[in-house]
Structures are given as C-alpha cells and as structure tokens.
Amino acid sequence: MRTKLGSVLAATVLATGLGVAMAPSASAADTCWADGDGIRSWCRNVSGAPVYGYIGNNHIYPDPTKVVGYMYSNPSWFYCKLDGQAWVGGPHPTRWLLTVADNGKLGYMKDTAIYSETDPVRNC
C-alpha cells in the first residue's frame, strides 16, 4: 500500500512540476506592439482576466480589491502601464496596465495576466 501511494504521489509531483516548468513566461513571449495612433498598445493576455477599478476618483491608483469587469478578448489593447503599485508578482511585480474591460469600464489589468512583454507600453 505504501509503495503504491508513494508512486502516485511521486507521479503527481512530477506532473505538477512539469506543468509549471512548461508554462509560458513573459520573458519568452513576444512583446506588446503599438497601435497606428500611438495611443494604444496591443498585448496577448489571459482570456477572462479580471480588470480592476481604481481607488477613489484618482485613476492613477489601481484597487486590487475591486473587479469592474473582465477581458475576454485576446489580444487586447492597453493605454499605458504603471509601476510601483500594489504587488502582483511576476517579472514586473508592481506593474498594472490601464485598459477598458469588455463591459466598457475603465480599469487596470495585472501585468501577470499578460503574456506579452509589457516594457514597450508607454508609461501613464
């Protein structure tokens, strides 16, 4: 019984580890690209990712507790990026990108929900 249980656990750990190792990262992905108008950038993102609101009436502070909509399109467009905001992790651990959710609400998407490298997106 112990041998079978040990084998199952080892296989589970190995499969989980391989799944994590094979997940795409922003560093391996293509970069975001500018729209012809120079106002928006297009990036590949997680379909269904939440878009978060902002704190108070000031649009420059994302509120990580307030979901205002979701982004089902991929790729999606973004106005600009903000660094030094609430922690999100990933290669840009405090970066958020300003966009409009599919329901028309203005908000921010976490950088970790974007596959493309977001460095080329202009600063807010």
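A quick word on terms first: a residue is called buried under 20% relative accessible area, exposed over 50%, and partly exposed in between, using a 1.4 Å probe and protein chains only. By that scale D35, at 23% relative accessibility, counts as partly exposed.

Before the points, please keep in mind that this is a predicted model, in which local features need pLDDT of at least 70, side-chain atom pairs count only at pLDDT 80 or more, and totals for chains, interfaces and linings use all residues. Residues are numbered from 1 along each chain as its sequence is written, and side-chain values use heavy atoms, with hydrogens and water left out.

1. Let me start with the charged pairs. A search of the whole structure turns up 5 salt bridges, a salt bridge being a side-chain nitrogen of Lys or Arg within 4 Å of a carboxyl oxygen of Asp or Glu. One of them joins the side chains of D35 and R40, at 3.3 Å from N to O. R40 also pairs with D37, where the closest N and O atoms are 3.9 Å apart. Together, D35, D37 and R40 are linked in a network of salt bridges. R40 has a relative accessible area of 26% and is partly exposed; D37 is partly exposed too, with 43%.

2. Another salt bridge is formed by D119 and R95, with 2.9 Å between the closest N and O atoms. D119 sits in the segment after β8 and R95 in the loop between β6 (80-82) and β7 (96-100), so the pair ties together parts that are 24 residues apart in sequence.

3. Do have a look at D111, in the segment after β8 (106-110). Leaving aside residues up to four places away in sequence, D111 touches V88, P91, H92, R95, L97 and T118, where contact means heavy atoms within 4.5 Å.

4. Now the cysteines. The structure holds 2 disulfides, each a pair of cysteine sulfur atoms within 2.5 Å. C32 is joined to C43, with 2.0 Å from S to S. This pair links distant parts of the chain, 11 residues apart: C32 in the loop between α1 (2-21) and β1 (33-34), and C43 in strand β2 (residues 41-43). C32 is buried at 6%, and C43 is buried at 0%.

5. The other disulfide is formed by C80 and C124, whose sulfur atoms are 1.9 Å apart. C80 lies in strand β6 and C124 in the segment after β8, 44 residues apart. C80 is buried, with a relative accessible area of 6%, while C124 is partly exposed, with 47%.

Definitions and conventions: Helix = DSSP H or I, 4+ residues; strand = E, 2+ residues; numbered from the N terminus.
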